Every structure is written in structure tokens, then in C-alpha cells.
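Thanks for asking me to look this one over.

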Amino acid sequence: MAAQNHHRTVSGESVNLEQLGLFGVFLAGAIPWFEAIGVVPLGILVGLNPALTVVFAVTGNAITIFLFAYAAGAIRARLLARRQAKNKEGESPRLIKAQQSFDRWGIYGLALMGPLVIGTQFAALVAVAAGVKPLKSSSVITAATLLWASAIALVFGVFGFEVFDRG
């Protein structure tokens with residue numbers, strides 16, 4: 001069924017609810033540790049176009065992945081300083097676990113596990129801290145996120161999961 005555009009009038013202007021929903025998916029995808037793979041099912045469940053939901057969620061997520069990768073040194077120093085202010089020594093257990101995952105699986109394994117285990121932004125930070133260039137870590141992690149989000153959208157499409165009827 002073709003999706004209908006549902007409009008509401010706000011201050012005399014027409015607002016497309018699907019556009020608002022996709023903007024929300026974009027913003028939620030950009031929130032660290034919320035993850036595009038968590039946003040995609042929600043967007044589909046409320047009746048948003050699955051393909052557009054994937055694009056908007058992954059785009060929002062990719063922006064913060066790139067930001068974390070390029071700011072990895074400063075972010076890591078800030079996290080360490082915060083731990084020291086709380087009288088905690090060394091790296092966080094989460095960072096240690098992530099570093100061990102990187103040592104075991106490399107950038108590709110970290111990219112595939114990142115969205116599920118430690119978060120994509122954190123995976124980018126770990127990869128760069130381990131010596132991977134920011135552009136490579138961002139690109140590989142974003143590609144893995146796109147694969148996960150697409151697979152989730154495909155499963156939701158095949159099984160017809162949807163809370164609100166678009167037609």
C-alpha cells in the first residue's frame with residue numbers, strides 16, 4: 001500500500017508527520033549509545049518508510065561516529081580525567097573490554113559487534129585509540145551499522161511488523 005502523507009497545521013503551515021518522524025529518527029540515531037539499530041525498528045513500528053528510516057537513522061548515527069573518531073584523543077582524555085576525579089584509577093572496565101575486543105577481532109570485528117555490544121561511537125573511539133585512522137574507523141563502523149540497520153529493516157519488512165497502518 002502506498003503511504004499517505006498525514007498533515008497537521010501548525011501556525012498556518014502544513015507539517016508532514018512522516019517528515020517529522022524521519023527527523024526524529026535522524027536525531028535519535030545521532031544520540032550516542034542509542035544507536036541506529038535501535039531506532040530503525042521503532043521507526044518502522046510507527047509506520048515510517050523502512051528504507052528512509054534506515055537512511056535517516058544511519059546518517060544521524062554516522063555523524064556522531066565521525067565526530068567521536070576525529071575527537072577520540074580529547075574524548076579519551078576527558079573520560080580518564082572524569083574517572084580520576086571520582087578517585088578511580090586507569091581506564092574504565094568498559095574501555096578495557098572494548099580494547100580486548102579490538103585486540104581479538106580487529107577493526108572489522110569491532111565494527112560488526114560495536115552496534116550490539118559497546119555502541120558505535122565508543123567503537124570508533126576505541127579503534128582510533130588502538131591506532132586505526134579516524135576516516136577508516138568511521139567508514140568501517142558506519143558501513144557495519146548500515147548493514148545491521150538494513151538487515152533489521154528487511155526482517156521487519158518480511159514479517160510485516162507495523163503498529164500503525166500507513167494505508
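1. Overall layout. Please keep in mind that this is a predicted model. The protein holds 7 helices and 2 strands, and the order from the N terminus is β-β-α-α-α-α-α-α-α. Of its 167 residues, 38% count as buried. If you take the contacts between residues at least 6 apart in sequence, 71% of them join residues at least 24 apart.

2. The α1 and α3 pair. Helix α1 (residues 17–30) packs on α3 at an angle of about 35°, and the axes lie 7 Å apart. The crossing of these two helices is right-handed. On the α1 side the contact is made by L22, V25, F26, G29 and A30, while α3 brings L52, T53, F56, A57, T59, G60, N61, I63 and T64. Sorted by class, this contact of α1 with α3 has 8 nonpolar and 6 polar residues, with no charged ones.

3. Helix α7. This helix has 26 residues and reaches 37 Å from its first C-alpha to its last, close to the 38 Å expected at 1.5 Å a residue. Buried in α7 are S137, S138, V140, I141, T142, A144, T145, A149, I152, A153 and F156. The partners that these buried residues of α7 pack against are α2, α3, α5 and α6. Just after α7, G160 takes a positive phi of about 70°.

4. As background, nonpolar side chains in soluble globular proteins tend to be buried together. Here the largest nonpolar core has 22 residues, and F102, I107, L110, F122, V126 and I141 are those with the most contacts inside it. At least two residues of this core come from each of α3 (50–70), α5 (93–117), α6 (120–129) and α7 (134–159). The helix that gives the most to this core is α6, with 7 residues.

5. Two backbone spots to look at. Most residues other than glycine have a negative phi. E35, in the loop between α1 and α2, has a positive phi of about 70° although it is not a glycine. N87, in the loop between α4 and α5, is likewise not a glycine and has a positive phi of about 60°. Is each one buried or exposed? E35 has a relative accessible area of 4%, which is under the 20% cut-off, so E35 is buried. N87 has a relative accessible area of 70%, over the 50% cut-off, so N87 is exposed.

How values were computed
Residues numbered from 1 in each chain as written. Predicted model: local features only at pLDDT ≥ 70, side-chain atom pairs only at ≥ 80, totals over all residues. Heavy atoms only, no water. Core = buried A, V, L, I, M, F, W, Y, C linked by side-chain atoms within 4.5 Å. Buried < 20%, exposed > 50% of the residue type's maximum accessible area, 1.4 Å probe, protein only. Helix = DSSP H or I, 4+ residues; strand = E, 2+ residues; numbered from the N terminus. Axes fitted to C-alpha atoms, helices over the stretch in contact; angles between N-to-C directions. Left-handed = near helix turned anticlockwise from the far one by under 90°. Contact = heavy atoms within 4.5 Å. Nonpolar A, V, L, I, M, F, W, Y, C, P; charged D, E, K, R; others polar. Expected span 1.5 Å × (residues − 1).
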